[in-house]
Amino acid sequence: MQVKIRTLTPIWTGNENRKCETLRETGILGSLRWWYEALIRGLSRNACDPTSENRCKLDQERFQRAIKEGKSIQEALDEQICQTCQLFGCTGWARKFRLEVEFNTAIPEVWIGTREKRNRGYLKRNVAGLIADKTIILRFIPLREITQNEWALLNKTIQIISDYGALGARTSQGNGVIKIIENNLPYKDENIKKSQLKGDGSNVNLPNLSNFFFYKFHIKFNEDISNLISREVFWTHASDHDGFQDNWENWKKLWNDYHFLPIAFHIRDAIRHLEDNKNKRHEILGELGKGSKVFVSHGYKINNTTAKVRIWGYDVEESIKNKIKKELKNKLKEKLFSKGEYLESCNLTEEKTGKEIMEGV
Ligand SMILES: [Zn+2]
């Protein structure tokens, strides 16, 4: 029971500010759970927020009593905990599966300074994470019976991540774009049986797939990207950013060996400047990526002059989404380069709403 994937941008499984040198399954599980919750909420069912006080908890005595009274495990669980906790676990109920992932190539780091001073000065943001030379295998080992519907939900979750989103942490800052190469999990072509899902949901302010948008852009340069890196034209730091050191050799490795261009921070900076209102800006982009409702990938290689970028998010106003679609190119021209102008085009090549995705499940 495994899914074979390729990493298009590095996966981050460490903590937000710590190093990410080895893979932590918990980082992958947390992300799978986040998307699974969003899908459940998209189906108008309740999924608790595992970080909140109101998260689910299974009372063992009550559970055992229900089983003795002749209820099925599913029914006994439905009485107490949400659909997501049934598969991913909560206090009193262990996760139904174990996940094994093996791969360990840490990419050489690249740093991008902030464009504006924060309090005392400029900050540095790093591009880092783990990438696979070939493929990675996500192995799912059931520890308890996983229902057909749970497999269907899990398959859909992984498919959405691969098609439109990203896996792991720091997905608002470029990491985690993957592509499924092969999936042999059970019931992968099965539709989700909505009628079997309990718990009508009405949690507000939590990610709900129906409120998502997904864009993909082709960013085309008027010269080979490896030439542009050699000529050091990409913006990396403000001219008065003391002590900043460029590492163009690592930029080259990322593009030549790992086939991605580390421009997620440039794109975030471009989006930041689409919105004039500071509070709104903060609400959609968070502070240094934390609490962001807009997610941005690095540019992954299409060909020698073109990289693809994913931009997606939830609960973002139409006006901002329209600005992203219409004005991204102009803003990127300003934010991508420290000298010259090498952007040929920036075209929206795919657009999908969460609602459209939900119609197909
Ligand atoms: Zn729950």
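This is a predicted model: local features need pLDDT of at least 70, side-chain atom pairs count only at pLDDT 80 or more; totals for chains, interfaces and linings use all residues.
Just after helix α2, G70 takes a positive phi of about 100 degrees. Residue numbers start from 1 along each chain, as its sequence is written. Helices (H or I, at least four residues) and strands (E, at least two) are DSSP runs, numbered from the N terminus.

- Most residues other than glycine have a negative phi, and most peptide bonds are trans.
- S44 has a phi near 60 degrees, which is positive in a residue other than glycine.
- S44 counts as partly exposed, with 15 C-beta neighbours inside 10 Å. On this scale, buried takes 20 or more other C-beta atoms within 10 Å of a residue's own, exposed takes 12 or fewer, and partly exposed is in between, with C-beta atoms placed from the backbone.
- Y187 isn't a glycine either, yet its phi is positive at about 55 degrees. Y187 sits in the loop between β8 (178–183) and β9 (212–221), and its 17 C-beta neighbours inside 10 Å make it partly exposed.

- α1 (residues 25–42) has 18 residues and reaches 26 Å from its first C-alpha to its last, close to the 26 Å expected at 1.5 Å a residue. The expected span is 1.5 Å times one less than the number of residues.
- α1 is mostly covered, with 13 of its 18 residues buried.
- α2 (residues 60–68) lies largely in the open, because the number buried among its nine residues is zero.

**How α1 packs on α5**

- α1 and α5 (residues 148–163) pack at an angle of about 105 degrees, and their axes are 9 Å apart. The axes are lines fitted to C-alpha atoms, for helices over the stretch in contact, and angles run from 0 to 180 degrees between N-to-C directions.
- The two helices are therefore roughly perpendicular to each other; that label covers 65 to 115 degrees, with under 35 roughly parallel, over 145 roughly antiparallel and the rest oblique.
- α1 brings L32, W35, Y36 and L39 to the contact, while α5 brings L153, L154, K156, T157, I160 and I161. Contact means that the C-beta atoms of two residues, placed from the backbone, lie within 7 Å.
- Those contact residues split into eight nonpolar, one polar and one charged. Ala, Val, Leu, Ile, Met, Phe, Trp, Tyr, Cys and Pro count as nonpolar, Asp, Glu, Lys and Arg as charged, and the others, Gly among them, as polar.

**Domains**

- The protein is divided into domain 1 (2–108 + 115–196) and domain 2 (210–359), with bounds from an automatic or database domain assignment.
- Taken over C-alpha atoms, the domain centres are 26 Å apart. Domain 1 gives 21 residues to the contact and domain 2 gives 29.
- On domain 1's side, the residues touching domain 2 are ten nonpolar, seven polar and four charged.

**Two strand residues**

- R139 is in strand β7 (residues 136–142) and is partly exposed, with 14 C-beta neighbours inside 10 Å. Leaving out residues up to four places away in sequence, R139 touches M1, Q2 and E100.
- T306 is in strand β13 (residues 306–314). Its C-alpha is 6.5 Å from that of H218, 88 residues apart along the chain.
- With residues up to four places away in sequence not counted, T306 touches H218, I219 and K220.
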